[in-house]
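Open the model in your viewer and follow the stops below in order. Each one gives a selection and what to look for there.

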Amino acid sequence: MTTFWTFLTYTFFLFDLSLATKSLVPRVLHGLHAHAARQTHSLARDLRVAFGGILAPRALAEQNVVYCKSAKQVPLSGGSLGNASASAPAPTGGGGASQSTTSTSAKAGPSSTAPSSSPWKLLNSYQGSSFFDGWDFFTDPDPTEGNVQYVDQQTAASSGLLEINSQGNAVMRVETTPVVSGNRKSIRITTQTQFTGGLVIMDAVHMPTGCGTWPAFWTNGPNWPAGGEIDIVEGVGDYTNNQATIHTNIGCTLASSSRSVLDISGSVVGGTDCAAATTNNEGCGIRAATNNSFGAGFNSNGGGVYAMKWDSTGIAVYFFARGSVPTDITAGAPQPDSWGTALARWPAASCDPFKFFTDHNAIFDTTLCGQWAGAVWDTAGIPGQEQSCSQRTGVSTCQAFVQANGAAMQEAYWEVRSVQIYQT
């Protein structure tokens with residue numbers, strides 16, 4: 001009898017377990033499915049964040065630091081290297097906007113598919129209506145002794161020298177009052193963010209040009225020249241070929257002046273010693289071979305993109321004319337190794353990039369005359385400047401011309417689409 005009741009109890013237990021299993025298993029499976037779904041959504045979100053981080057700036061403690069360009073810069077020697085035509089598409093009338101409108105049409109770049117990722121992660125981005133956020137306005141006397149008065153942001157805006165135009169581009173002008181007795185108002189801005197090593201990409205559709213002008217986009221470190229200076233875009237007057245230059249402490253050199261050895265498209269001008277102390281502050285410059293890399297040629301082609309790469313291999317500057325900008329740049333996923341030959345390069349083998357350069361800020365400025373544009377007022381023979389400014393203007397000095405000819409400053413403005421700073 002005991003055996004019978006034991007058998008009956010066991011039978012009911014198995015029956016109850018079977019019923020429980022029928023209800024329990026679906027609940028367990030449903031729970032597992034819901035958990036998996038949550039994890040999948042979390043993974044998708046994490047992937048979006050991971051890849052989106054390439055395009056979104058990271059927060060960074062910023063310091064208000066302003067540096068000065070070399071106070072005794074002199075013109076580099078060297079005659080014309082030829083006015084080579086660039087291989088970029090022909091102009092479409094995008095440049096040369098008037099001061100009142102200052103709106104330049106930018107031609108689209110190649111439409112090939114860009115890489116979806118890059119080892120370079122965005123540190124800071126300056127563009128659109130917030131372009132001027134994160135910049136300090138320099139208001140001290142011009143260290144290069146130019147005929148300009150750098151003004152603060154409020155003064156620049158109220159004077160019509162500063163704006164975000166209808167294209168969403170940042171515009172920085174020089175004062176165009178017909179006649180001034182002293183210096184003309186201008187703008188010089190410095191990023192609050194500092195960086196050691198990185199990739200700086202600047203997209204502009206117009207830069208200042210014309211006799212008397214001396215614009216530059218550059219980066220600089222503390223205690224010049226100990227922290228180093230990298231001139232990414234620079235030239236004077238009617239020059240049409242950009243000159244990229246570095247200025248350093250003693251010990252940094254170019255191992256060769258050969259284009260093939262350096263793997264560059266530009267030409268070394270002024271020598272291979274980059275030290276400010278031993279070159280009368282000239283440093284070692286490399287001039288672009290193309291006449292749409294600076295000034296009027298750059299503007300008439302709708303501008304372009306400059307990139308400066310600073311890593312363990314050294315320092316390199318690249319230029320891409322409008323219509324030839326790599327899609328990895330426009331996609332925000334730069335791949336410098338795919339860009340081909342640089343305009344300028346200073347290899348690490350003869351100039352340690354982390355010994356001679358540190359804690360840089362990016363800078364825009366436009367000065368007038370001064371120690372370069374003023375010093376070469378009577379000089380001809382540089383691409384774009386086949387005739388000297390004194391001959392072209394009929395005025396004997398740069399200062400006299402600048403003070404009496406506000407209308408000649410109509411083209412003395414930057415129109416910048418964006419600046420991005422990346423690091424690995």
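**A charge over a ring**

Select arginine 188 and phenylalanine 138: the charged end of arginine 188 sits over the phenylalanine 138 ring, 4.2 Å from the ring centre. (A charge sits over a ring if NZ of Lys or CZ of Arg is within 6 Å of the ring centre and within 35 degrees of the ring normal.)

This is a predicted model, in which local features need pLDDT of at least 70 and side-chain atom pairs count only at pLDDT 80 or more, while totals for chains, interfaces and linings use all residues. Residues are numbered from 1 along each chain as its sequence is written, and side-chain values use heavy atoms, without hydrogens and water.

**Aromatic pairs**

The structure holds 19 aromatic pairs. Rings of Phe, Tyr and Trp (its six-membered ring) pair if their centres lie within 6.5 Å; planes under 30 degrees apart count as stacked, over 60 as edge-to-face and the rest as tilted.

Select tyrosine 239 and tryptophan 372, an edge-to-face pair at 6.2 Å centre to centre with 75 degrees between the planes.

Next, select phenylalanine 298 and phenylalanine 319, a tilted pair at 6.1 Å and 40 degrees. Phenylalanine 298 counts as buried because its relative accessibility is 0%; phenylalanine 319, at 15%, also counts as buried.

Finally, select Tyr126, Phe131, Phe132, Trp135, Phe137, Phe217, Phe364 and Trp414, which ring pairs link into a cluster.

Note on methods: Buried < 20%, exposed > 50% of the residue type's maximum accessible area, 1.4 Å probe, protein only.
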